[in-house]
Amino acid sequence: MASGKIMIIDDEESMCQFLSIMLRKEGFDVQTYTSGRVALEKLQADSFDLVITDIHMPEMDGLEVLSGVKESDPTTPVVILTAYASLETAIEAVNRGAFHYLTKQAKNEEIKMVVKKALEHRRLRKENRFLKKQLRIQHETKKMIGKSPMMNEVFDLVARAAPTDSTMLIHGESGTGKELIAKEIHYASKRADGPFVSINCGALPETLLESELFGHVRGSFTGAVKDKEGLFAVACGGTFFLDEVGDCSPAIQVKLLRVLQEREIIPVGGTRPIDVDVRVVAATNADLELGIEEGRFRADLYYRLNVIPLTLPPLRNRKDDIPLLVDHFLKSLSANGERKLTPDALELLTQYDWPGNVRELENIVERMVILNEKDVLEGDDVPPRIRNFGNEPVTVEDQDLGSMSLQDLEKQHLIRILNDVGWQKRKASSILGINTSTLYRKLQRYGLEQ
Ligand SMILES: Nc1ncnc2c1ncn2[C@@H]1O[C@H](COP(=O)(O)OP(=O)(O)OP(=O)(O)O)[C@@H](O)[C@H]1O
Ligand SMILES: [Mg+2]
């Protein structure tokens with residue numbers, strides 16, 4: 001049985017009865033009103049999934065009812081009932097936001113179908129709202145973290161630029177948070193309630209990317225069996241994140257330029273342009289200026305994208321953010337109870353140069369948490385690759401031994417043995433044939449304490 005709460009408004013009692021009997025049989029919960037005014041009062045206190053209203057009524061007409069319903073809840077669909085004579089007014093109502101109209105001569109099947117479609121529409125709108133809210137909540141728990149002067153500059157720029165509708169180009173190495181900051185820009189903009197749509201321009205072959213971005217009309221190529229809406233249309237009212245924009249082919253670059261200049265798209269195989277209302281935020285980890293010099297990237301597109309440039313600094317240049325980030329990831333990873341790092345362990349994470357930036361740090365912290373059950377993670381729990389960073393021994397074979405001092409040689413040998421035994425001092429001293437206090441003295445002398 002179908003479910004849904006339907007309000008019927010018609011000054012003719014018989015019409016109300018006819019509709020309510022038919023729709024109740026379908027399983028709907030139906031309430032009827034012969035006055036638009038009374039019905040709108042009811043809507044103040046109660047919510048309905050669908051309103052069906054006559055257009056010609058003495059006291060308050062259908063168009064007024066329509067605007068009243070939209071005022072109290074814009075997601076409630078309204079179906080207009082009309083006699084043939086007032087078809088024009090019914091069309092006017094649809095233009096003003098009614099879901100559909102039905103003539104009073106409509107067959108029962110047609111009425112039921114329109115009702116079901118309207119309710120499905122309402123359900124999808126509600127679901128959509130719910131999902132958007134979820135996304136927003138999810139995003140709020142995934143905030144961009146940082147307190148270094150470099151990140152503070154980024155945050156300042158985002159605060160100033162987000163509310164404008166200007167196109168932005170984010171530049172940064174892999175894992176520096178380009179997508180995260182793009183979302184932050186979206187949620188801090190006037191478009192926060194609209195969609196955030198993202199696509200990686202480097203991940204799809206050209207023809208597929210083109211139809212994903214701009215859509216296509218049926219029959220425009222083999223396999224295009226239906227019209228397809230492009231992501232630019234899906235992103236209407238929101239923000240479109242073009243990731244790895246430097247990977248776009250010359251043909252796509254021309255089309256993107258058109259979007260930014262004319263604010264319209266032409267679907268693949270189509271002839272008529274469609275207006276698009278999106279804010280574009282693009283990102284790249286490539287040097288687009290070099291791309292221009294080498295003829296791979298259009299200069300005009302670059303200038304259209306680069307209205308507000310934003311650069312995310314690599315993690316190695318803002319090491320003061322590392323403790324904060326580690327803390328943040330530890331908190332989000334440990335569901336029950338707090339996990340901590342000893343100062344030694346933190347120090348090891350800080351001296352590493354993080355070529356994969358924040359993503360790499362996040363992965364390492366996650367790995368340490370998963371592989372160790374203790375509450376306090378120590379230096380030994382830091383993966384060896386990171387623990388030994390900067391201490392990689394130079395193999396003596398490769399060196400011109402003649403140019404090495406005895407001290408250099410001793411230092412290299414110490415590092416090599418210590419690396420082999422995972423920096424366990426007792427083991428190392430027994431291999432080296434010295435006692436542990438001598439080993440500690442040597443480590444101190446060479447600045448190798450860990
Ligand atoms: N400052 C930050 N604070 C908290 N988390 C961050 C920060 N920067 C990045 N992250 C996290 O690091 C991961 C990588 O971020 P993101 O995907 O935004 O990077 P990216 O620059 O788009 O990388 P790529 O170029 O590889 O696509 C994500 O899980 C993100 O949540
Ligand atoms: Mg990315």
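Reply: Contact here means heavy atoms within 4.5 Å. The model is predicted.

Me: Which residues of helix 10 are called buried, and on what ground?

Reply: Buried means under 20% relative accessible area. Ile252, Gln253, Leu256, Leu257, Val259 and Leu260 are buried in helix 10.

Me: Why are these said to lie on the same side of helix 10?

Reply: Because they cover an arc of only 155 degrees around the axis, they are on the same side of helix 10.

Me: What span is expected of helix 10, and what does the model give?

Reply: At 1.5 Å a residue, 18 Å is expected for the 13 residues of helix 10 (250–262). The reach from first C-alpha to last is 18 Å, close to that expectation. Just after helix 10, arginine 263 has a positive phi of about 60 degrees.

Me: What makes a set of residues a nonpolar core, and which residues have the most contacts inside the largest one?

Reply: The members must be buried, of the nonpolar kinds, and joined through side-chain atoms within 4.5 Å. The largest such core has 29 residues, and Leu213, Phe232, Phe240, Leu242, Val245 and Leu256 have the most contacts inside it. Helix 10 gives the most to this core, with 5 residues. A second, separate core of 21 residues includes Phe329, Ala345, Trp354 and Ile386.

Me: What does valine 245 touch?

Reply: Leaving out residues up to four places away in sequence, valine 245 touches residues including Leu169, Cys201, Leu256, Phe297 and Leu305.

Conventions:
Residues are numbered from 1 along each chain as its sequence is written. Chains are lettered from A and ligands numbered from 1 in the order in which they are written. This is a predicted model: local features need pLDDT of at least 70, side-chain atom pairs count only at pLDDT 80 or more; totals for chains, interfaces and linings use all residues. Side-chain values use heavy atoms; hydrogens and water are left out. Helices (H or I, at least four residues) and strands (E, at least two) are DSSP runs, numbered from the N terminus. The expected span of a helix is 1.5 Å times one less than its number of residues. Buried means under 20% relative accessible area, exposed over 50%, partly exposed in between (1.4 Å probe, protein chains only). The arc is that of the directions from the helix axis to the C-beta atoms.
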